[in-house]
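Please look at the chain and its ligand together before reading on. The report below goes from the ligand and its surroundings to the domains and then to the backbone.

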Amino acid sequence: MATVLEDDVVWDKAECLSRDELAALQARRLKQTVQRVSHVPFYQKKLAELGISEEDIASADDVRQLPLTVKDDLRGAYPLDLLAVDRSEIARIHGSSGTTGKPTFAVYTKKDLETWSHLCARFLTAGGLRAGHFAHIAFGYGLFTGGFGLHYGVERVGAGVIPAASGNTRRQITLLRDLDTETIICTPSYALNIAEVAIEEGLDPAKDLPMKFGHFGGEPWTEDMRVRIENDLGITAFNNYGLSEVMGPGVAGECCCRSGMHLQEDHFLVECVDPQTLEPVTPGSVGELVITTLTKEAMPVLRYRTRDLCVVHDEVCDCGRTTRRMGRVIGRSDDMLIIRGVNVFPSQIEEALLRVEGTTPHYEIEVDRPGNLDRVKVSVEVSGEMFSDRMTDMNVLKRAIDKEIRTITGIGAQIDLVGPQSLSRFEGKAKRVVDKRV
Ligand code: DLL
């Protein structure tokens, strides 16, 4: 076994079920999920249109008869129209950024929170976290699922949590050193940022920072980036995947073999489909992940189109876990960008621009990662009447645009104002986004 750990620990025997046992469990849980959502008006209507009820679910493959759910359905159900339990049973609400400044909510019952901690504990254990270790979490704590999701996973393992949250990198470095922390948990780009700031501080991060392991997720990254993070920080780096619509982190994570992320298939029924035809792709071919929650109580979702493109392998892993593994997310079937961990749609930036008088709908968004943190530049054409050589006028306009972008997306951007007819025009689909990151 190509293991990077001295001892591989399987957290839970459900990770090693035979494929037949797993299929039977999935069928049972899928039936329960259909039964749960049949009280939610949105799904009630969709199931009635298709003439399907829980009685029609005999196997996990029957998922294909069920209706798809897309992000717009969740937006349309704002705030809590997809709730499948009584409001009094809600134990927590998280959310992810939405197009009009309103998030789409991820809602949990007490049992959902327990399941979530359990699933995070599984992949953290598979990646070296042990009771008695310290884990430093540099994800945002708040509506974003990263901070709290991982936090309770670490506690479930029995390790000590340092809930450092995001920002103030110098202080984070001090904490990591002084507490002799074994594991760092954050986005991969923030891990590189920590290394860079440590070097600026005159440290050699691979030697002077104590970490042995890192768990990274929440945004796309590459094998090259893994090599850099491992060299710069002197750690072994593991990838983990999740999305708030179905739970948050904990949907899949790497084991000691690091040859794909184990999908937590006893809790999620995962299809990999051609994004155009929606037919399943052959194992090992790139497709879009479509996920049905199998145990979620508060807000179960049927066949959620994640828009994430990757391969899914079905050979059994050397580690002994029997679940299928997903490869790295290599792209999206929509235009969502992830900027410093925040999900941003180009349409949100367009909306912000058009709220400011004097701007036109001709714009370009450039995303780059000059050091290790994402930077966004928005170039926008200003109308002839407004465009002026006077810096003060232009600065007022820039500030107004920046404020709207922050309000709608939550991120700041560098604004570049250009005169009429300065940007490219398109005959077909406009190409407004240039993503220069790896
Ligand atoms: O990012 C949940 C999460 C937090 C996962 C922390 C892992 C660690 P959302 O904000 O809803 O939830 O964003 C979900 O992020 O659809 C992917 O496009 C992307 N994503 C998440 N993990 C990975 C990863 C969290 N390991 C969206 N590789 C997903 C590539 C990832 N993309």
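Predicted model: local features only at pLDDT ≥ 70, side-chain atom pairs only at ≥ 80, totals over all residues.

Residues are numbered from 1 along each chain as its sequence is written, and side-chain values use heavy atoms, with hydrogens and water left out.

**The ligand site**

The ligand is surrounded by 21 residues, the closest being Gly218, Asn239, Asn240, Ser244 and Asp308; a residue belongs to this shell if one of its heavy atoms lies within 4 Å of the ligand. The table lists polar contacts, a term for pairs of N or O atoms within 3.5 Å.

| Residue | Atom of the residue | Atom of the ligand | Distance |
|---|---|---|---|
| Gly218 | backbone N or O | nitrogen | 3.0 Å |
| Asn240 | backbone N or O | nitrogen | 2.7 Å |
| Asp308 | polar side-chain atom | oxygen | 2.6 Å |

Taken alone, the ligand exposes 610 Å², of which the protein buries 98%, with accessible areas coming from the Shrake-Rupley method with a 1.4 Å probe. Both α5 (145–157) and β7 (236–243) supply at least two residues of the shell, and β7 gives the most, with five residues. Helices (H or I, at least four residues) and strands (E, at least two) are DSSP runs, numbered from the N terminus. By class, the shell has eight nonpolar, nine polar and four charged residues, where Ala, Val, Leu, Ile, Met, Phe, Trp, Tyr, Cys and Pro count as nonpolar, Asp, Glu, Lys and Arg as charged, and the others, Gly among them, as polar.

**The two domains**

The chain is divided into domain 1 (1–333) and domain 2 (337–435), with bounds from an automatic or database domain assignment. Their C-alpha centres lie 32 Å apart, and 18 residues of domain 1 are in contact (heavy atoms within 4.5 Å) with 15 residues of domain 2.

**The backbone**

Most residues other than glycine have a negative phi, and most peptide bonds are trans. A cis peptide bond, with omega about -5°, joins Tyr78 and Pro79, and Pro79 sits in the loop between α3 (71–76) and β1 (90–96). Leu278, although not a glycine, has a positive phi of about 65°, and its place is in the loop between β10 (268–273) and β11 (286–293).

Technical notes
Polar contact = N/O pair within 3.5 Å; in protein donor to acceptor, adjacent residues only side chain to side chain.
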